[in-house]
Structure formats: C-alpha cells, structure tokens
Amino acid sequence: MNFLFLLILFIIIAYLIKKWANGPLNPIKKDLTGKLIIVTGSSDGIGLETAKDLLKSNATVIFACRNKTKTEAIIKSFPENLRKNAIFIPLDLESFKSIESFVKEIKSKYPKIDILINNAGMGAINISKTEDGFMNVYQVNYLGNALLTLLLFDHFKEKESKIINVASRAYKRSSLVYGDSKYLNNYDLMFKHYSSMRIKHQFYSDTKLLLVYFTKYLAQFAEDKYPYLKVVCLHPGVIFTNIFKLNNLLLKIFFYGIIRNIFYLFTKDVIHGAQTTLFLSYSDNKDLVNGAYYNVLSIEKYNNKAKDEKLQNEMVNETLNILKNRYKELEYFPLNK
C-alpha cells in the first residue's frame, strides 16, 4: 500500500514538474493564407514543430534544410492539406555556396518574404572546418545566418514582415571581450582559443551572443530603411533535441540511457519549445519591440554584456567586413566603433 501511494505521488509530482518545465502555449492564432515563411532547420526538433503549426494556419512554408531525403520524407508524411504548402529548398549553412543558391531560388520563385525564422543551429561537440574556412559551429549558428539574412533583406516587402532569430539564454554565459573580433575571420586563431578554454562549450554561448548582437544591429538597420520590418530574437527554452549530436558510442549510451531520462522532467518538449517562435510569428508587428529578446512569450531584459554597444559594434563591424569582402552587393551600414 505504501509503495502504491509513493508511486502515485511520484507520478503526480513528475507530471507537475513537467507541466511547469513546458510552460504556456502560444495564445495567438491567425489565418496565414498568402504568407511565405522560411524556417531553417525545419526537419527536426522545434523547427519542425514550428513549420507544422504554421502550415496548419495555411502559410506557405519553405523547409530550408540540408538533408534532402529526410526533409522530403517528412513532407510526404503530412496530410494533403499541409503537404501542398510545404516546400523543400536545400540549405546548408556550412556552405556559402549553398546559401547563395538558396537565396537565388527564393528570389526567382517568390516576389517577397513575410517571415524568416533563423532556427537552425548546432552544439559545440563535433567541431570541424567548413569549406569557407570557418569553424562549423560559428558558421551555422551565426555567420551563415548573417549572410542568409543580409542577402534576403531586400525581399521583405510587406508591412508585417519579420525576421525571427532563435538565440538562447546561453548568450548570458558568453566569454567574449574587447579584441575577440580577431578570431572571427581566422580559423586557426579561433580553434586554438576555444581548444585551450577549460569549458569548450563556451563556444556555443559566444555564437549566441553574436546572434543577439546581430539581431540588434538588423533592428537598427530596419528602423531607417525598412520600417515595416521587425527583427527579434528569442530563447526557446531548455529543450532536449538533436542539436547535440554524439559520435562516441560510450557517450551515447551514458547520455541517452541515463542523463536523458533525468533531463526529460526539467526540459521542454519540442512542441512547447516552439511556442515563443510561434508567438512572435503570429503577433502583429505593432505589438513587437524591434531588437528585443523574448522568453516564455514575453520580453526579457538583456544582460549587461548584451547591452554593451562598444563590444557589439566591434563584433558586428568585423562580421560585415568578412561578408562585404566576399559579397560586394550586400546592403549594410557600418556601426561606430
């Protein structure tokens, strides 16, 4: 009897913990017929849940993913009413050529973009060098997003246009300081710097702070030339997804067999992890604050490092220098040092 009581008590407590961890659902829904929405990394995790919800609201959703077989199989599994508005266009953020091809196809087929959701990202576990000469985590989480967004910037032509960057609360643990911009365009320096750090995964936090800085920069950019465009970023919550891919068999056994079960209760599921992204997607532009950071369906104040304009300007200007040297046609404005 005591065992049964304890079991029931445990189940109730576990349910309440999970309900608390998941948080609220997005309360806003609207018909999105005629809207074109790009969701990067939409073949898995919160990106997939975001894309499915938007499809249910009659939006045309571009699945911008690198794995053709996987993404097409997912789209094929949808019911016909969703499948007809789901379109796969390959995009690999580890490749500037892939980003260029993606942008070219979008602009040739569609007259405008309503929402760009930069959702794709990766954890700092399996680090390698991209074909463009950058560390893959840095390029996927930040530099590739910056290039994609700038190349598409002139294609946002509706008053309800939005750019939504999926950042992370991890940005608050960033180690970036003045002078660190020297790493952004030098693979060897960057690799040496992060390999020597005691906490290697600090790299992930730094890429997310860079994305926060770029969000604020784009919002400032838009205020003058694109007043109908809102640019925001968000923390989706702590979610167990495939962002941290493990190659080591022993690590897989330990992580998936033990740690995952512990994490499950205290993390969001992918459906709840998509809710802040969906809240921003469905919200009217007049209700959003340009350049703001959202968490659990509301604005959360930036920490002091995110508000450091001097550090932001240093990082963003170096990013612009990297990209403008390769893409003369990019529209941008430099920030004061």
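**Close-up 1. Helix H2 and its burial.** A residue is called buried when its relative accessible area is under 20%, exposed when that area is over 50%, and partly exposed in between, using a 1.4 Å probe and protein chains only. Helices (H or I, at least four residues) and strands (E, at least two) are DSSP runs numbered from the N terminus. By these terms helix H2, residues 45–56, is mostly covered, with ten of its twelve residues buried, and these are Gly45, Ile46, Gly47, Leu48, Glu49, Thr50, Ala51, Asp53, Leu54 and Leu55. This is a predicted model, in which local features need pLDDT of at least 70 and side-chain atom pairs count only at pLDDT 80 or more, while totals for chains, interfaces and linings use all residues. Residues are numbered from 1 along each chain as its sequence is written, and side-chain values use heavy atoms, with hydrogens and water left out. From its first C-alpha to its last, H2 reaches 17 Å, close to the 16 Å expected, where the expected span is 1.5 Å times one less than the number of residues. Asn58, which follows H2, has a positive phi near 75°.

Close-up 2. Eight strands form an open sheet with mixed pairing, in the order E3-E2-E1-E4-E5-E6-E7-E8; two strands count as paired if DSSP finds at least two bridges between them. Strand E3 (86–90) and strand E8 (298–299) stand at the edges with a single partner strand each, so one side of each is left without a neighbour in the sheet. Strand E7, residues 293–295, pairs with E8 in the antiparallel sense over two bridges, and Asn295 stands opposite Ser298 in E8.

Close-up 3. E4 and E5 run parallel and are joined by four bridges, with Ile163 of E5 as the bridge partner of Leu116. E5 also pairs with E6 in the parallel sense, over six bridges, and here Val166 stands opposite Leu234 in E6.

**Close-up 4. Helices lying across the sheet.** H2 lies across E1, E2, E3, strand E4 (115–118) and strand E5 (161–166), and runs at about 165° to E2. H6 lies across E1, E4 and E5, running at about 170° to E4. Contact means heavy atoms within 4.5 Å; the axes are lines fitted to C-alpha atoms, for helices over the stretch in contact, and angles run from 0 to 180 degrees between N-to-C directions.

**Close-up 5. The nonpolar cores.** A nonpolar core is a set of buried Ala, Val, Leu, Ile, Met, Phe, Trp, Tyr and Cys residues joined through side-chain atoms within 4.5 Å. The largest one has 69 residues, and those with the most contacts inside it are Ile38, Ile99, Phe102, Ile106, Tyr138 and Leu152. Elements that give two or more residues to this core include helix H5 (96–109), helix H6 (136–152) and helix H8 (202–225), and the largest share, twelve residues, comes from H8. A second, separate core of 34 residues includes Ala59, Cys65, Leu280 and Leu288.
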